[in-house]
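Hi,

Here is the structure I promised to pass on.

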Amino acid sequence: MKQVSIPSGASLTALYREWVGDYPKFFKMDTLSKLGFLLTEMLVHDEPDRFTFREDRAVLVFSREGCIANDRHYAESMQDFPSPALFVYTLPNIVSGEISIRNKWGGESSAFVLESYDEARIWALVRQAFQDKCTQSALVAWMDCKSDTEWVTNAWLVDKTDML
Amino acid sequence: MENLINELKLKVIDALNLDGMTPEDIEDNAPLFGDEGLGLDSIDVLELIVLLEKNYGIRLASPAQGKEVFQSVAVMADYVAKNRAK
Amino acid sequence: MTKVYCIGCGLVTPVGNTPAEVLAAVRAGKTAFRQYEGWPEPYYASLLDRSGFEGPSFFDHIVLQAAQAAVQEAGIDASSARVGLVLSTIKANIDKIDSEDVSLAAAAETLAKSLGVTTAPVVVSNACISGLAALLQGVRMIRSGEFDHVIVAGAEVQSRFIVTGFQSLKALSLNPCKPFDADREGLNVGEASAAIVLSAHADRPSWEIVDGAVRNDANHISGPSRTGEGSYNALRYVLEGVKADELAFVNVHGTATRYNDQMEAIALNRAGLQDVPVNALKGIFGHTMGAAGILESIVSMQACDAGIVLPTQGFSRMGVEPAVNVSAQERKTDKQAFVKLLSGFGGVNGALLFRKGGAR
């Protein structure tokens with residue numbers, strides 16, 4: 001089971017240039033989506049047959065704060081000219097959507113909100129997600145993004161066999 | 001008109017987070033949408049509608065009208081010059 | 001695999017507060033839609049009556065009311081260590097973003113405390129499919145063997161935040177929405193809360209959630225797939241081994257936006273469901289977001305029990321290609337199974353298969 005994280009406050013643009021470089025949609029994403037996108041790249045960059053549509057991998061994201069950092073940006077914009085580009089990121093599951101789109105993963109994608117970081121609970125929920133007979137592996141991430149410069153992240157790539 | 005075109009290019013780059021692009025990278029008559037040109041999508045159209053209202057007091061009725069106006073920066077500039085309220 | 005039954009339901013809607021009342025309202029085509037002043041643009045919506053309410057949070061109030069009704073009907077002890085809680089919502093208390101902890105986690109803790117639930121709650125927030133995904137999560141918790149009962153509650157209240165956002169996406173209609181109709185022009189937002197108690201045991205014939213699936217289009221965060229990819233894949237998963245003629249109907253998302261309804265038509269046809277009756281309830285309730293999956297499932301169970309396929313309010317002329325079997329009229333059915341289908345931002349799609357089961 002592989003695990004990665006991104007230190008709070010790190011330059012996400014620098015990480016993008018280091019790990020990706022050819023996906024300009026990255027710059028349209030909110031900070032939470034950028035984090036999920038980069039964590040996933042760090043986990044799967046050397047996998048064979050990348051970008052081939054697959055339904056057997058789930059994307060399961062966890063947090064306490066959901067997408068609160070971007071919610072605040074949208075709430076500010078709605079005072080005069082509500083921004084559609086900000087509004088579409090006011091959902092905790094847009095990050096799992098961005099990961100699915102980038103990687104062409106058509107399996108389950110779900111966002112869960114928990115009271116606090118609790119690995120035992122995360123793994124219990126991941127184990128339950130493997131009840132879907134299609135799911136053979138999962139990208140799992142705890143991403144708690146309080147603002148555009150403060151976050152806690154941990155991401156794992158797990159196989160069904162790791163969960164037995 | 002040339003000033004307005006340049007101004008629009010800067011505003012488009014800023015509003016749509018077009019990383020690393022400068023006004024010189026956008027041709028006046030290049031299509032903004034579709035596979036050629038900038039390859040913008042449906043959310044970008046909506047964000048450009050906001051850009052027109054915020055900066056020039058122009059309210060477009062629908063995204064369909066937006067696609068007409070946003071064919072290229074030159075077409076956009078022409079529309080703004082004729083319809084601006086501020 | 002453990003069977004999972006629905007043993008209690010609760011509802012708070014603008015057209016009724018019990019499943020029977022709500023079913024009667026839907027059959028009669030009763031709605032609560034009207035135009036409201038916006039910020040500044042007006043909007044057309046189905047909202048709950050807040051007159052007389054004085055508590056700190058209307059969201060917390062309605063979600064508790066629905067959950068309590070469900071717990072009461074189920075007759076369970078919510079404080080048992082084998083009772084779980086799943087909350088489904090998209091924005092919960094977002095209207096207080098400037099002053100309070102508006103996290104979904106805080107809303108779930110408040111609900112758990114008020115219900116007396118002693119296990120830690122989980123929130124499923126998967127955009128517009130949240131209610132359906134939350135029910136699936138409840139099913140999985142029971143099948144894990146760790147819970148005997150799971151309370152699944154969902155709610156949404158409307159606010160400047162949500163309404164101006166959908167206005168900026170040009171997705172709202174200023175007229176009653178028209179699912180699958182040729183002249184559909186967008187959705188109406190709605191308020192409601194709904195709850196179901198799921199259980200591994202039922203002492204009388206009850207609705208069973210046979211299985212469910214969530215699938216991503218892997219295409220776009222706000223535009224539905226042109227091929228209905230995720231919706232089709234979710235349908236394919238839940239319908240494995242099920243014949244189309246076993247289904248009374250498919251209760252679809254049917255938001256009445258041009259792209260959503262067209263996408264669902266493609267997915268239904270790809271899944272071989274073009275002849276199965278299809279209906280959408282957004283013409284009665286509007287889009288109730290975090291409540292939708294649970295509310296629309298409860299109404300569908302009620303309708304099936306009454307032997308009917310509910311009409312699709314707002315539909316009159318086929319507006320999708322290929323066509324689906326949608327109707328503005330109520331129809332009869334003697335079948336005892338249906339599919340609930342939803343789609344949402346983030347490219348998510350979900351399907352649940354319901355079947356009336358024996359006592360166990």
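This is a predicted model: local features need pLDDT of at least 70, side-chain atom pairs count only at pLDDT 80 or more; totals for chains, interfaces and linings use all residues.

The predictor gives the complex an ipTM of 0.98 and a pTM of 0.97. For chain C, the average pLDDT is 97, and 99% of the residues score at least 70.

Back to helix 2 of chain B, which covers residues 42–56.

Now the interfaces. Between chains A and C, 44 residues of chain A are in contact with 43 residues of chain C. On the chain A side, the elements that each supply at least two residues are helix 3 (68–77), helix 4 (84–87), helix 5 (94–103), strand 3 (109–113) and helix 6 (119–129). Helix 5 of chain A has the largest share, at six residues. By class, this side of chain A has 20 nonpolar, 13 polar and eleven charged residues.

There is strand pairing across that interface too. Strand 3 of chain A runs antiparallel to strand 5 (residues 122–124) of chain C, and two bridges join them. Phe112(A) has Val124(C) as its bridge partner.

As for chains A and B, eight residues of chain A are in contact with eight residues of chain B. The chain A side there divides into six nonpolar residues, one polar and one charged.

Chain C is worth a look by itself. Its domain assignment gives domain 1 (5–199) and domain 2 (209–357), with C-alpha centres 19 Å apart. The contact between the two takes 57 residues from domain 1 and 56 residues from domain 2. Which element gives the most on the domain 1 side? That is helix 4 of chain C, with eight residues. By class, the domain 1 side has 35 nonpolar, 15 polar and seven charged residues.

Chain C also has a three-stranded open sheet, in the order 2-3-7 and with mixed pairing. Strand 2 (33–36) and strand 7 of chain C are the edge strands, each pairing on one side only. Strands 3 and 7 of chain C pair in the parallel sense over two bridges, and Ala45(C) stands opposite Val189(C) of strand 7.

Last one: helix 9 (residues 292–305) of chain C. From first C-alpha to last, its 14 residues reach 20 Å, close to the 20 Å expected at 1.5 Å a residue. This helix is mostly covered, with 13 of its 14 residues buried. Gly307(C) follows helix 9 of chain C and has a positive phi, near 75°.

Cheers

Notes. Residues are numbered from 1 along each chain as its sequence is written. Chains are lettered from A and ligands numbered from 1 in the order in which they are written. Two residues are in contact if their C-beta atoms, placed from the backbone, lie within 7 Å. Helices (H or I, at least four residues) and strands (E, at least two) are DSSP runs, numbered from the N terminus. Ala, Val, Leu, Ile, Met, Phe, Trp, Tyr, Cys and Pro count as nonpolar, Asp, Glu, Lys and Arg as charged, and the others, Gly among them, as polar. Two strands pair if DSSP finds at least two bridges between them. pLDDT is the predictor's confidence in each residue, from 0 to 100. Domain bounds come from an automatic or database domain assignment. The expected span of a helix is 1.5 Å times one less than its number of residues. A residue is buried if 20 or more other C-beta atoms lie within 10 Å of its own, exposed if 12 or fewer, and partly exposed in between; C-beta atoms are placed from the backbone.
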